[in-house]
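We will go from one selection to the next, with a short note on what to look for at each stop.

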Amino acid sequence: MTHPSQARRGFLRTATAAGLALSGPARALAAAKAAASPDPWREAAAIARKLANPVKFRKADYPVTDFGAAPCTLVPVKAWISFEEQDTLSTPAPGAHDCYAAFKVAIEQCHRDGGGRVVIPRGDWFCAGPIVLLSNVNVHLAAGAHVYFSNDPADYAKYGDVDCGANGRLVVSRWQSNDCLNFSSMIYARDQHNIALTGDDWTAILDGQGGVPFAGRGDCWWTWKGKNATINSVAQDKSPNYVPGKLAQNQVNELNPASLSDVAPGLPDAQRRLIQGDGDKWRADDAYLPALSEAGVPLAKRVFGLGHYLRPPMIQLIGCTNVLLQGYQVVHTPFWQHHPVACRNLVVRNVHANSLGPNSDGFDPESCDTVLVEGCQFDTGDDCIAIKAGKNRDTQYGPSRNIVIQKCTMQSGHGAVTLGSEMAGGIERVYAQDLVFENRNWATNPLNTAIRLKTNLNRGGFLRHFYVRNVSIPNGVQTSPSFYASLPGSPIASRTVATAAGAVVTFDCDYTPRADNVRVRPPEVRDVHISRVTVGNVRTKDGAQASCFQAFVVLGPVASDYNGPAPAPAVLPVRDVTITDCDFGTPVNAAQPWYTYNVRGLKLANVVIGGKRFNTTLVA
């Protein structure tokens, strides 16, 4: 760890050397390079202009009531509304009219006619299956329209394109960035062009009923999360109705084979042992799928669905171009709220992503190119925004790039703007500006960290050219530290570095290292520039004023985690990072206001922490 006083001495040495190096011709060359460098914020503005009007539709409306849709009556139900809280919600009454067929026929007719708008009017509607978007169709929810999606997993294993026998009729999907055949999302599209999902306002609601108990049982979609492994988590300690011994995504599923040799017979024994690791934990669904990727098992053999516990995202769009998501609210989603994969020219505008269940990420663009997220509000049970790019060997869609995030507000969540953890294909040219991380639930369900990177020697990938400016965090972030367990022999002892929660800025290149058996892909992180972040204090339980536990944590890749063949690849430090014109408020850990490991050239310029101003360069 670099202490501020050590960093100051390092800065003086670095500054002197730099002054000598940039004399004469070298200085002229550096000036010429700087003049030739593009302005990143002009690039961001160009992306926003390009996406001002990404879709166009024929002027024709198709009310779903013309195709047999009918509203439903509601009854009260005791349901989970977060990891640990229950409340009385409304749910469609038993025997409610199912609008699945009407929605499907309306969309198909609109598509055949050349496109237009499929309108869901004001009222309560029950849908026991997915809404599948087709090219040139805008599915639009009027103000006051509330679509309740069935909470029966079997309804998302009925209508897919791939007949998987006892596992159901499934769809091509991605689950935490690995390809699979699985339950359909509630709203799904694949290889479509010029599509939209819109609402008049946030009274137009898409409801995944993620915390509503399955019929006759106390379990719900969220129960499938299983046990939470984060150490000292706040408001995220439990999965609803889960107790040890229940089947869940992280518990061994006897339907999965006893050995990878059963599905990958040509796999060398040494590689099989590395992928499986010790014991049979790899047979849990959430570990078995990444194992199939590492083993090179084709998609047709990666079958989940019925009998398995991988929850579908609420909205999943794969391989689509010219997409608009605008003006509605999403609540109580089984898993990630929005998961576009390999999409191009995508706008998410004025959407309220509002789900506090396990893994309820708000928006997870994966391997997408040219994306605008604007004017949205996020209140989530996981990351508000998390940019993804494949995991293990599933990198065929390439990197995520050219993404602009602006004029959004974030409340609860793990990270407000997050990159990773699934980023094996790389992330580049991301621009985040004019944001308010309000964190209004700071006392009970706080934002864990504001700006967050997650990767490790399994996820690998690269992050480069990430720019952040003009961020207000009036109520700070979580003021207590949360941790992940380190690997045996790591120089990073467990329960010592607050990478899971507690810092305003967290770069974690050793993210949950015990979760991945194969650790052979060191990440590369460089060219990150953060400016004008202002963090306010709150009064903690002991009466102190605090904004966070630490101002920032930059944990670079940990070389000792590597477990592949010799020679080991280079493990590069995090480098070329600037933090400029920021005020981080008052950290609880005043003695160590930051933590760095395997970092080169982290420059602080006019950075205020606990009332002290820092102009220095950190090397650790």
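**First stop: Gln 316**

Select Gln 316 and show its surroundings: beyond its neighbours within four places in sequence, Gln 316 is in contact (heavy atoms within 4.5 Å) with Val 172, Ser 173, Arg 174, Ser 185, Ile 187, Tyr 188, Ala 189, His 339 and Val 341. Before going further, please note that this is a predicted model, in which local features need pLDDT of at least 70 and side-chain atom pairs count only at pLDDT 80 or more, while totals for chains, interfaces and linings use all residues. Residues are numbered from 1 along each chain as its sequence is written, and side-chain values use heavy atoms, with hydrogens and water left out.

Now colour by secondary structure. Gln 316 belongs to strand E15, residues 315-318 (strands, E, are DSSP runs of at least two residues, numbered from the N terminus). Is Gln 316 buried or exposed? Its relative accessibility is 1%, so Gln 316 counts as buried (buried means under 20% relative accessible area, exposed over 50%, and partly exposed in between, with a 1.4 Å probe and protein chains only).

A polar atom of the Gln 316 side chain sits 3.0 Å from the backbone oxygen of Arg 174. The side chains of Gln 316 and His 339 are joined by a polar contact, also of 3.0 Å (a pair of N or O atoms within 3.5 Å; within protein, one must be able to donate a hydrogen and the other to accept it, and residues adjacent in sequence count only if both atoms are side-chain atoms).

**Next: the salt bridges**

How many salt bridges does the structure hold? There are 24 (each one a side-chain nitrogen of Lys or Arg within 4 Å of a carboxyl oxygen of Asp or Glu).

Pick Asp 383 and Arg 452, whose side chains form a salt bridge at 3.5 Å, N to O. This pair links distant parts of the chain, 69 residues apart: Asp 383 is in the loop between strands E22 (377-380) and E23 (385-387), and Arg 452 is in strand E28 (residues 449-454). Both Asp 383 and Arg 452 are buried.

Move to Arg 169 and Asp 163, a salt bridge with its closest N and O atoms 3.7 Å apart. Here Arg 169 is partly exposed at 33% relative accessible area, and Asp 163 is exposed at 55%.

Finish by selecting Arg 401, Glu 428, Arg 429 and Arg 464 together: a network of salt bridges links them.

Technical notes
Helix = DSSP H or I, 4+ residues; strand = E, 2+ residues; numbered from the N terminus.
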